Structure formats: C-alpha cells, structure tokens
Amino acid sequence: MQLIYDTLTGNTRRFAHKVADLTGLEAVALKEASPQEPYLLLTYTFGSGAVPDTTRAFLQDHAPLMRGVVSSGSFHWGENFGRAGEVIAGAYGVPFVMRVNKSGNLSDAQAVAEWVRAQ
C-alpha cells in the first residue's frame, strides 16, 4: 500500500511522512502519483469543508485503488473540520480513517499506522 497525499500548506505532507516513518510505506505527493497498487489517500479540507480541486481531479482517474481516506483541517472550522474526508468516503465507498488537526500528532499517526497494518 502507498500513502498518497495532497497538500497546500505542507500539513498533510508532514502527516503522511509521520505515517510513512511508522509503517515503512512510501509517501508520494499526489501531483507525482500514478498508483499501481492500493493506496491510502491523505488530503486537506479546503475552505469551509470542500474537497480540493486537485484531489477531485486525481480521484477521477485513480479512485479504484483507494482503500481509505484521511483528511486534515483545523479545529476552528467546527462541523467542517476535515470534512473533505467524509465527502470522499461517502462518494467512493471507502473508510474515513481519521481527521487530523493540521499536521496531526504522534498519536494520530500511530492510529493511522495501525489501520494501515490491519489492511
């Protein structure tokens, strides 16, 4: 399994690399990814809960190999915090693994790593 991430501010990239360090999996930027194997998508939430256009475009071509989604955001968005993950999970029928505040913490990374290992 690969970790494929989309990032705007670097938060999702930092979190993907935390998970990669714990799992030994490769973390690949979405703009450079061309998945040939199952992957976990890590993306950010844009504005007040939207899926980033770059993530949407990527999923048009690569959704079949996605096995789950993690979304980052900021607690200050309230109900819309990390909402992109919910939207993607619902649209593509994959598990919404976790939402993380900004670049997450070690506990968040460990929880995602455990989910990955269980796959």
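## Gln2 and strand 1

Gln2 sits in strand 1 (residues 2–5); helices here are DSSP runs of H or I with at least four residues, strands are E runs of at least two, and both are numbered from the N terminus. This is a predicted model, where local features need pLDDT of at least 70 and side-chain atom pairs count only at pLDDT 80 or more, while totals for chains, interfaces and linings use all residues. Numbering runs from 1 along each chain as its sequence is written, and side-chain values use heavy atoms, with hydrogens and water left out.

Is Gln2 buried or exposed? Gln2 is buried, at 12% relative accessible area (buried means under 20%, exposed over 50%, partly exposed in between, using a 1.4 Å probe and protein chains only). Skip the neighbours within four places in sequence, and Gln2 is in contact (heavy atoms within 4.5 Å) with Glu26, Val28, Pro35, Glu37, Pro38, Tyr39 and Leu40.

As background, nonpolar side chains in soluble globular proteins tend to be buried together. A nonpolar core here is a set of buried Ala, Val, Leu, Ile, Met, Phe, Trp, Tyr and Cys residues joined through side-chain atoms within 4.5 Å. The largest one has 17 residues, and Leu3, Phe15, Leu40, Leu42 and Val112 have the most contacts inside it. Strand 1, helix 1 (11–23), strand 2 (27–29), strand 3 (39–44), strand 5 and helix 4 (106–118) each give two or more residues to this core. Apart from it lies another core, with 16 residues, including Ile4, Ala63, Val69 and Ala84.

## Helix 4, inside and out

Helix 4 has 13 residues and reaches 18 Å from its first C-alpha to its last, close to the 18 Å expected at 1.5 Å a residue (the expected span being 1.5 Å times one less than the number of residues). Its buried residues are Asp108, Ala109, Val112, Ala113, Trp115 and Val116. Why do they end up on the same side of helix 4? Because they cover an arc of only 160° around the axis, taken from the directions from the helix axis to the C-beta atoms. In general, an α-helix has 3.6 residues a turn, so residues three or four places apart point the same way.

The other side of helix 4 has Leu106, Glu114, Arg117 and Ala118 exposed. Over the buried residues you'll find strand 1, helix 1, strand 3, strand 4 (66–73) and strand 5, among what covers them. At the N-terminal end, Asn105 caps helix 4, with a side-chain oxygen 3.0 Å from the backbone nitrogen of Ser107.

Asn11 belongs to helix 1 and is buried, at 18% relative accessibility. Its side chain makes a polar contact with the side chain of Thr9 at 3.3 Å. That term covers a pair of N or O atoms within 3.5 Å; within protein, one must be able to donate a hydrogen and the other to accept it, and residues adjacent in sequence count only if both atoms are side-chain atoms. Beyond four places in sequence, Asn11 is in contact with Lys102 and Ser103.

Lys102 itself is in the loop between strand 5 and helix 4, partly exposed at 43%. What about its backbone? Lys102 has a positive phi of about 55°, although it is not a glycine. For context, most residues other than glycine have a negative phi.

## Ser71 in strand 4

Ser71, in strand 4, is buried at 0% relative accessibility. Its side chain reaches the backbone oxygen of Gly82 at 2.5 Å. Leaving aside neighbours within four places in sequence, the contacts of Ser71 include Thr43, Gly82, Ala84, Phe96 and Arg99.

## One salt bridge

How many salt bridges does a search of the whole structure find? It finds 1, counting a side-chain nitrogen of Lys or Arg within 4 Å of a carboxyl oxygen of Asp or Glu. The pair is Arg99 and Glu86, with the closest N and O atoms 2.6 Å apart. They link distant parts of the chain, with Arg99 in strand 5 (residues 96–101) and Glu86 in helix 3 (residues 83–92), 13 residues apart. Arg99 is partly exposed at 30%, and Glu86 is partly exposed at 37%.
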